[in-house]
Each structure stands twice: as structure tokens, then as C-alpha cells.
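Dear colleague,

I am passing on the structure below, together with some notes on its salt bridges. Please look through it before reading on.

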Amino acid sequence: MKIMRKKFLLTALLPVLGLVSLFSEEAGVKVFALNPVTDGILLGSGVLLSGSDLILDNVLEVNRQKWDGRTLDKADVNSLDRIFMHSYSKNRDLAADIVLGGAMLSPLILTGTDKNEWFTCLVMYSEALLISNGIKELAKLAVNRTRPYMYYDSSTYPEDDVEEGDWANSFPSGHSTMAFTGATFTSYTFCKYFPESRWKIPVIATSYSMAIGVAALRLSSGNHFFTDVLAGAAIGCSVGFLVPYLHTFNTKNDLNISLLMNGVSVSLKMP
């Protein structure tokens, strides 16, 4: 299954690269700047958040739940979430992974900017992903919420997830968090780089369509409640916007890192 997922991720990359070639000649302007202090805080926060989860969850196994074999009662679920509840679907679960891959690859369209901007985009997106991942994973540890599929026939449960305790990690939706991080980051940065581009609406529509598709598939596959994906979308949109936005301020120290054919060029502008 892992091999199949990699093939689908590569397939999802092709249309992104195709779009890049269509507008790559448009002149992108420098609107984001790296800064030692800002990026030190953002990157450090992302590493701290994601690293803390790795230790707490995988090493210390904090708050890991064990299933007692009971099938839960749907009547215990609030009326809003109950409307969108589904039993587990392996095919839709896999489809969500595939669409998520496309959503997270959407920032590749930014390779249509000047090459000097590539490293800035890479750093910003890495910070956004690390922070989003850390927030949603720590939230899962703090909030034990049973996944919707646990309210249905136990014969349909994904055995590995139940054994590992993932059945109690419904809130928030991690897939939705990462998908909306990618969609928001791509949409915001593209519009800043290419404010007059005719591709703005298609890029925004495509990015968010994939993110919404991920959320819908996580609902229909029985992995999440409606409020789970809403929370994930809120986290993803917030981080996907705030990280690049913080790089738009004029800073005293402007760190510029450019990728060259024979290495890397680093310059620091001081006031």
C-alpha cells in the first residue's frame, strides 16, 4: 500500500509542474524576507511542537487509550456530528491520503517565482508544516475523542489503528489541518508574488478544492466528525496564513539566501 501511495503522490505532482510552466515567465516580486529572529522563533517553535509530540506519544506513550471491546452508542454523539457520521471505508481512507499528497504539494507551483525566492518559500512552508503538525498532534494527545467508526460494527474497524490507540485521536483532523495549511499557504503566497496573474483564481480554487476534498473523504471514511475537520481547517488556515504574513514586515535585518548552480549565496542586510 505504501508503494501505491508514493505512485499517486508522483502523479499528483505532474499537473502542478504543468501549471508552473504556464506562468513561470511572469515576473514575481520580492515580498517575503527571512529574518534570523523571526525564523529562529518560528522554526524553533515548529521543531519544539512536533518534537514534543514524538517524545510524548511514541516514546512515553502519554494518554494512549486501550479499546475495551465495546461498540459505542451513537446517541452519545451531539446532533451536528451525528448527521455526518459514517462507518469505516478503507478505500476512502486511502483516497484521502492521495488527495492530501496533492494538497501538500501545491506550493510547488511557487517554483514559477524567481529562483532567489525558492529558499524563502521552502523555509516558510517548512515552518508552517512543522507548526501545524505540532499543534494538531499535541491537541490529539490532550483531547481523547473516539473516531466515528467506533460507533459501528467492530468487524469494520481498521485493526492497526485500534491496536495503536489511534481510534481515540479523532480531534482535530490531522489530514484536514495539513491540507488547509498547504492550500492557504499556496493561495496567499501566490497572490502576493503574482498580484496581477490570471492564474490567481484557478490556483486558489484548485488548492482549496483539494483541501475540502480531503476533509470530505475523512468524514465519509468514518475517521472524523464534522467538528474535527472544522477544527483542523481552522488550524491549517491560521498557520498557513500567519507564517508567510509574518515574513512580509520590513525587518531591520534582511537575510537573503539564494540557490546557485554551484552552491548557496547568503547575504545579510544590516540597518
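Salt bridges in the model

A network of salt bridges (a side-chain nitrogen of Lys or Arg within 4 Å of a carboxyl oxygen of Asp or Glu) links Asp57, Glu61 and Arg64. This is a predicted model, in which local features need pLDDT of at least 70 and side-chain atom pairs count only at pLDDT 80 or more, while totals for chains, interfaces and linings use all residues. Residues are numbered from 1 along each chain as its sequence is written, and side-chain values use heavy atoms, with hydrogens and water left out.

Asp57 counts as buried, at 17% relative accessibility, whereas Arg64 is partly exposed at 28% (buried means under 20% relative accessible area, exposed over 50%, and partly exposed in between, with a 1.4 Å probe and protein chains only).

The search of the whole structure finds 8 salt bridges, and two others deserve a description here. Arg145 and Asp81 form one of them, at 2.6 Å from N to O. This pair links distant parts of the chain, 64 residues apart, with Arg145 in the loop between helix H5 (118-142) and helix H6 (159-164) and Asp81 in helix H3 (residues 79-83); helices are DSSP runs of H or I, at least four residues long, numbered from the N terminus. Asp81 is buried, with a relative accessible area of 0%.

Asp93 forms a salt bridge with Arg218, their closest N and O atoms being 2.8 Å apart. Here too distant parts of the chain are linked, since Asp93 lies in helix H4 (residues 90-105) and Arg218 in helix H8 (residues 200-220), 125 residues apart. Both partners are buried, Asp93 at 10% and Arg218 at 5%.

Technical notes: Helix = DSSP H or I, 4+ residues; strand = E, 2+ residues; numbered from the N terminus.
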